[in-house]
Amino acid sequence: QVQLVESGGALVQPGGSLTLSCGISGDLDHIYINQWYRQAAGKQREFVGGIVAGTRASVADSVKDRFTVSRANDKKTAYLQMNNLEPEDTAIYYCAVLTRVPGQTDTMYWGQGTQVTVSS
């Protein structure tokens with residue numbers, strides 16, 4: 001089991017920056033992928049970025065060159081650094097982890113989400 005708690009969501013002006021944090025507890029040893037997703041009102045949840053095995057990071061094309069994902073070495077916190085925010089980035093942001101345990105099915109865990117609003 002893994003527990004996730006996002007924080008850092010806020011109202012920010014266009015062009016501003018924000019860093020979201022995801023506090024992680026539980027079975028840290030089997031976390032294989034850390035990910036961030038977002039869901040805007042009336043839209044489906046979409047992938048924002050992720051980091052595999054703590055090293056291989058990638059982000060969606062829609063946020064490339066603006067967003068960065070990272071994870072603390074102790075695996076207890078994941079981050080989403082967002083720069084040059086646009087109104088289209090307004091959404092609830094969720095962190096997620098996928099755990100991989102030998103002999104078992106991979107399992108996805110989700111946080112409760114944090115609201116990011118980009119508006120002047």
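The model you are looking at is predicted, so a word on the ground rules: local features need pLDDT of at least 70, side-chain atom pairs count only at pLDDT 80 or more, and totals for chains, interfaces and linings use all residues. Residues are numbered from 1 along each chain as its sequence is written, and side-chain values use heavy atoms, with hydrogens and water left out.

Let's stay with threonine 99 for a moment. Its place is in strand E9, where strands (E, at least two residues) and helices (H or I, at least four) are DSSP runs numbered from the N terminus. Leaving aside residues up to four places away in sequence, threonine 99 touches Val2, His30, Ile31, Tyr32, Asp106, Thr107 and Tyr109, a contact being heavy atoms within 4.5 Å.

Now step back to the whole chain. There are zero helices and 11 strands, and the pattern along the sequence reads β-β-β-β-β-β-β-β-β-β-β. The radius of gyration is 14 Å, close to the 14 Å that the globule rule gives for 120 residues, so the chain is as compact as a globular protein of that length. That radius is taken over C-alpha atoms, and the rule is 2.2 Å times the number of residues to the power 0.38. Along its principal axes, the C-alpha trace spans about 50 × 25 × 20 Å. Of the 120 residues, 42% are buried. Among contacts between residues at least 6 apart in sequence, 55% join residues at least 24 apart. The chain exposes about 6,400 Å², with carbon and sulfur atoms supplying 47% of that area; the areas come from the Shrake-Rupley method with a 1.4 Å probe, and for residues only the protein chains shown count as cover.

What lies inside? The largest nonpolar core has 27 residues, and those with the most contacts within it are Ile24, Trp36, Leu80, Met82 and Tyr93. Such a core is a set of buried Ala, Val, Leu, Ile, Met, Phe, Trp, Tyr and Cys residues joined through side-chain atoms within 4.5 Å. Two or more residues come from each of strands E1 (2-7), E3 (18-26), E4 (31-39), E5 (46-52), E7 (67-71), E8 (77-82), E9 (91-99) and E11 (114-118). Leucine 80 shows how these parts meet: beyond four places in sequence, its contacts are Leu18, Thr19, Leu20, Trp36, Val48, Phe67, Thr68, Val69 and Tyr93.

Next comes the covalent link. The count comes to one disulfide, defined as a pair of cysteine sulfur atoms within 2.5 Å. Cysteine 22 is joined to cysteine 95, with an S to S distance of 2.1 Å. This pair links distant parts of the chain, with cysteine 22 in strand E3 and cysteine 95 in strand E9, 73 residues apart. The torsion about the S-S bond of cysteine 22 and cysteine 95 is about 55°, so the disulfide is right-handed. Both cysteine 22 and cysteine 95 are buried.

Strand E3 also has a partner in E1: the two run antiparallel and are joined by six bridges, where pairing calls for at least two DSSP bridges between the strands. Within this pairing, valine 5 has glycine 23 of E3 as its bridge partner. In a regular strand the side chains alternate between the two faces of the sheet. E1 has Val2, Leu4 and Glu6 on a covered face, and Gln3, Val5 and Ser7 on an uncovered one. In the segment before E1 lies glutamine 1, which counts as exposed because its relative accessibility is 63%. Glutamine 1 still touches Ser25, Gly26, Asp27 and Tyr109, not counting residues up to four places away in sequence.

Another antiparallel pair is E5 with strand E6 (residues 56-59), joined by four bridges. Here isoleucine 51 has alanine 57 in E6 as its bridge partner. Three residues lie between the strands of this hairpin, in which alanine 53 takes a positive phi near 55°.

Most residues other than glycine have a negative phi. Lysine 75 has a positive phi, near 65°, and is found in the loop between E7 and E8. Asparagine 84, in the loop between E8 and E9, has a positive phi of about 50°. With a relative accessible area of 44%, asparagine 84 is partly exposed.

Notes:
Buried < 20%, exposed > 50% of the residue type's maximum accessible area, 1.4 Å probe, protein only.
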